[in-house]
Amino acid sequence: MEFSTLFIVSNIMLLLSTAFAKTASPSSLTPTPAPAPAPDFVNLTELLSVAGPFHTFLGFLESTKVIDTFQNQANNTEEGITIFVPKDSAFSSAKKSSLSKLKSEELKQVILFHALPHFYSLADFKNLSETSSTPTFAGGDYTLNFTDNSGTVLISSGWSKTKVSSAVHATDPVAIYQVDKVLLPEAIFGTDIPPAPAPAPTPDVAPAADSPTERSADSKASSPSSTPDGSSSYKLISYGIWANLVLASFGVLVLF
């Protein structure tokens, strides 16, 4: 009797352990989810070399070492970056003294001034236009003011004014926008914005030499009746003829 009881109990324990093992085994074999893929590395040097031409701006980025700061912000932060890049022609049209007389640290600040430490799409600038100023990578008083004019983004640096003319790259976390002018900060150049050059005066157009007015004037001048000398001679001849006729008549009367 005791043996039968032990046999039954042992079989029950065996069945329970088998059922528990079958229940636990699927959960232990659940695959671990794969990690999210890392975002693609954005090479700013390559982007600016292909687009543009932005060779002048890229040269300043490399000479001031600002390219390293922008590159780190683009690939190693969650904020991303927004860069405003002037074309080579924008640097050519700027006064040579604007950048050539700057100290190395001031030039670095000017290049840092061309970027915001956050990714902004074109649609985001409408919200930025409602703020008084937006800080740049240069920090401190180096801020930009934005205005959204029916979809056209206008930028004021306090010294220069320009607009976003096209989007070179606008995929989070990097936005690169082309601008028409070099952004010159008020903190370095002041608020004395140079006036636009006055338009050249329109030259007076002289009337053509063979115009009808000229020809009529010439014909009047050459006409004998219009000259004072011609009219005087005509009058003298007329008076002489009448005088001769009077003398002849008087002579005839004397004879008779």
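In this predicted model, strand 3 and strand 4 (residues 143–149) run antiparallel and are joined by two bridges. Within this pairing, Pro 135 has Thr 143 of strand 4 as its bridge partner.

These two strands belong to an open sheet of seven strands, arranged in the order 2-1-7-6-5-4-3. The pairing across the sheet is mixed. Strand 2 and strand 3 (134–135) form the edges, and each of them pairs on one side only.

The average pLDDT is 76, and 58% of the residues score at least 70. Strand 2 (residues 115–116), an edge strand of the sheet, has the highest confidence, with a mean of 98. The lowest confidence falls in helix 10 (residues 212–222), where the mean is 48.

| Segment | pLDDT | Contacts beyond four places in sequence |
|---|---|---|
| Residues 211–230 | under 50 | eight contacts |

Where pLDDT is low, the predicted coordinates should not be read in detail.

A further point concerns a single residue. Ser 93 lies in helix 5, which covers residues 88–93. Is Ser 93 buried or exposed? Ser 93 is exposed, because its relative accessible area is 61% and the cut-off for exposure is over 50%. The C-alpha atom of Ser 93 is separated by 9.3 Å from that of Val 182, although the two residues are 89 residues apart along the chain.

Definitions and conventions. Residues are numbered from 1 along each chain as its sequence is written. This is a predicted model: local features need pLDDT of at least 70, side-chain atom pairs count only at pLDDT 80 or more; totals for chains, interfaces and linings use all residues. Side-chain values use heavy atoms; hydrogens and water are left out. pLDDT is the predictor's confidence in each residue, from 0 to 100. Helices (H or I, at least four residues) and strands (E, at least two) are DSSP runs, numbered from the N terminus. Contact means heavy atoms within 4.5 Å. Two strands pair if DSSP finds at least two bridges between them. Buried means under 20% relative accessible area, exposed over 50%, partly exposed in between (1.4 Å probe, protein chains only).
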